Amino acid sequence: MADSLVDWDLAARTAARLGGAGPVTTRAEAAAVVAELHECAATAVAHVEGLTGLTPAAGAPTPVTAVVDRPGWVRANTSGMAALLDPLTEALQEKSGSRPGPVARAIGGRATGLQAGGVLAFVSSKVLGQYEVFGTGGRLLLVAPNIVDAERKLGVDPHDFRLWVCLHEVTHQLQFTAFPWLRGYLESQVQEFVRVSDLDPAALRERLRDVVASLSDAVRGKPLEGDGPAGLMALVGDPAQQAVLDRVTAVMSLVEGHAEFVMDGVGPDVVPSVRTLRKRFGQRRKGVGPLDRVLRRLLGLEQKMQQYADGRHFVAGVADRVGMDAFNTVWTSPGTLPRKEELTDPQRWVDRVITPY
């Protein structure tokens with residue numbers, strides 16, 4: 001798009017250049033990993049459906065699993081982010097009635113593209129898997145080099161770990177294929193964010209640069225002032241915007257916590273070393289060193305870790321109180337989704353949604 005906030009092609013090239021290839025494997029080893037990840041993804045489907053009681057909606061597209069390297073993950077995500085953010089920029093420009101000139105667009109897009117590429121390079125070295133929601137959507141991505149790297153560093157059984165990761169990602173796949181309205185709901189919240197936003201595109205770009213510049217400071221070892229910016233949360237200040245963000249945080253905490261609940265809930269009959277995996281993987285999520293922890297905080301990844309914890313607490317709390325069938329009421333409509341304050345108090349959701357019936 002001509003007025004894109006970010007030069008996404010440049011971002012992808014930058015991330016591919018900076019992200020590294022991952023651990024060393026032979027051609028035969030790499031082929032075996034790819035084959036086993038496809039097998040684990042297929043195997044995980046029955047386990048997830050059995051534990052959750054959910055099945056894909058009638059007419060849902062056949063799931064596609066793609067085992068990718070780091071550049072492949074970056075390409076998928078630049079496409080998805082462009083599909084999400086470019087309409088946001090366009091809507092803000094129409095709302096403000098102002099558009100930058102062609103030179104300003106080119107310079108601004110390139111500068112932000114370089115910065116976004118640095119962010120994507122870091123994340124592309126950490127992420128294990130992902131279900132694509134935006135953009136083309138519908139694919140389950142498994143990042144083979146990162147999965148191999150993680151299982152080696154954690155010293156865990158490779159087959160168990162690969163199946164465990166697939167259980168998490170297949171749960172996301174099932175959430176969005178069983179309840180297609182969920183994707184539309186998230187997209188509507190982005191549109192609502194635009195409606196209540198009073199930022200013009202130039203201000204949005206400037207604030208985005210400030211956040212990403214703080215990442216560059218961290219890479220160079222410059223100390224943070226106070227706690228530093230809260231990742232991309234620093235872009236949000238208006239109460240109406242915060243209300244939208246709270247709704248999005250609640251639904252993302254739900255889907256992440258649900259996946260966490262499932263990947264542990266299958267038990268040792270399916271994943272014999274599940275308890276060891278949880279213990280060691282929990283330490284990995286804290287970051288392996290001071291710089292890694294700083295980067296996670298600046299990127300907002302620490303908040304994502306809290307989403308995992310709050311969401312799992314909510315899912316487990318509701319399931320313990322009313323059972324999984326009643327818990328699945330949560331997927332009925334936007335009105336039955338948890339509110340942010342209910343994530344840490346599951347009984348409030350039960351009282352609001354289940355008890356009246």
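Colleague: Which residues of α2 meet α9, and which residues of α9 do they touch?

Modeller: In this predicted model, V48, L51 and T52 of α2 meet H258, V262 and G265 of α9.

Colleague: At what angle do the two helices pack?

Modeller: Helix α2, residues 27-52, and helix α9, residues 239-265, pack at an angle of about 105°. Their axes are 10 Å apart. That angle makes α2 roughly perpendicular to α9.

Colleague: How many nonpolar, polar and charged residues does that contact have?

Modeller: By class, the contact of α2 with α9 has three nonpolar residues, three polar residues and no charged residues.

Colleague: Let us turn to T171. Which residues does T171 touch?

Modeller: T171 lies in helix α6. Not counting residues up to four places away in sequence, T171 touches V48, H258, A259 and V262. V48, H258 and V262 are also named in the contact between α2 and α9.

Colleague: Is T171 buried or exposed?

Modeller: T171 counts as buried, because its relative accessibility is 1%. The cut-off for buried is under 20%.

Colleague: How many residues apart along the chain are T171 and M263?

Modeller: They are 92 residues apart along the chain, and their C-alpha atoms are separated by 8.4 Å.

Colleague: Now the sheet. In what order do the strands stand?

Modeller: Three strands form an open sheet in the order β1-β3-β2, and the pairing is mixed. Strands β1 (64-68) and β2 (129-131) stand at the edges. Each has a single partner strand, so one side of each is left without a neighbour in the sheet.

Colleague: By how many degrees are neighbouring strands turned against each other?

Modeller: On average, neighbouring strands of this sheet are turned by 15° against each other, direction ignored.

Colleague: What holds strands of a sheet together in pairs?

Modeller: Strands of a sheet pair through backbone hydrogen bonds, in either a parallel or an antiparallel sense.

Colleague: In which sense do β1 and β3 pair, parallel or antiparallel?

Modeller: Strand β1 pairs with strand β3, residues 139-143, in the parallel sense over five bridges. T65 stands opposite L140 in β3, and V67 has L142 of β3 as its bridge partner.

Colleague: And how do β2 and β3 run, parallel or antiparallel?

Modeller: Strands β2 and β3 run antiparallel and are joined by three bridges. The bridge partner of G129 in β3 is L142.

Colleague: How many residues of β3 are buried?

Modeller: Four of the five residues of β3 are buried, so this strand is largely enclosed by the rest of the structure.

Colleague: Which helix lies across β2 and β3?

Modeller: Helix α6, residues 158-178, lies across β2 and β3 and runs at about 10° to β2.

Colleague: Which residues does F161 contact?

Modeller: F161 is in helix α6. Leaving aside neighbours within four places in sequence, F161 is in contact with L128, I147, A150, E151, L154, V156, L277 and F281. F161 counts as buried, because its relative accessibility is 0%. The C-alpha atoms of F161 and V274 are separated by 8.3 Å, although these residues are 113 residues apart along the chain.

Colleague: Another residue, then: where is S124, and what does it touch?

Modeller: S124 is in helix α4, residues 102-124. Not counting residues up to four places away in sequence, S124 touches G19, R70, W73, V74 and N146. S124 is buried, with a relative accessible area of 1%.

Colleague: A change of topic: how many disulfides are there?

Modeller: The count comes to zero disulfides.

Colleague: Finally, how many helices and strands does the chain have?

Modeller: The chain has 14 helices and three strands. Buried residues make up 49% of its 357 residues. Among contacts between residues at least 6 apart in sequence, 81% join residues at least 24 apart.

Notes:
Residues are numbered from 1 along each chain as its sequence is written. This is a predicted model: local features need pLDDT of at least 70, side-chain atom pairs count only at pLDDT 80 or more; totals for chains, interfaces and linings use all residues. Side-chain values use heavy atoms; hydrogens and water are left out. Axes are lines fitted to C-alpha atoms, for helices over the stretch in contact, and angles run from 0 to 180 degrees between N-to-C directions. Angles under 35 degrees count as roughly parallel, over 145 as roughly antiparallel, 65 to 115 as roughly perpendicular and the rest as oblique. Contact means heavy atoms within 4.5 Å. Ala, Val, Leu, Ile, Met, Phe, Trp, Tyr, Cys and Pro count as nonpolar, Asp, Glu, Lys and Arg as charged, and the others, Gly among them, as polar. Two strands pair if DSSP finds at least two bridges between them. Buried means under 20% relative accessible area, exposed over 50%, partly exposed in between (1.4 Å probe, protein chains only). A disulfide is a pair of cysteine sulfur atoms within 2.5 Å.
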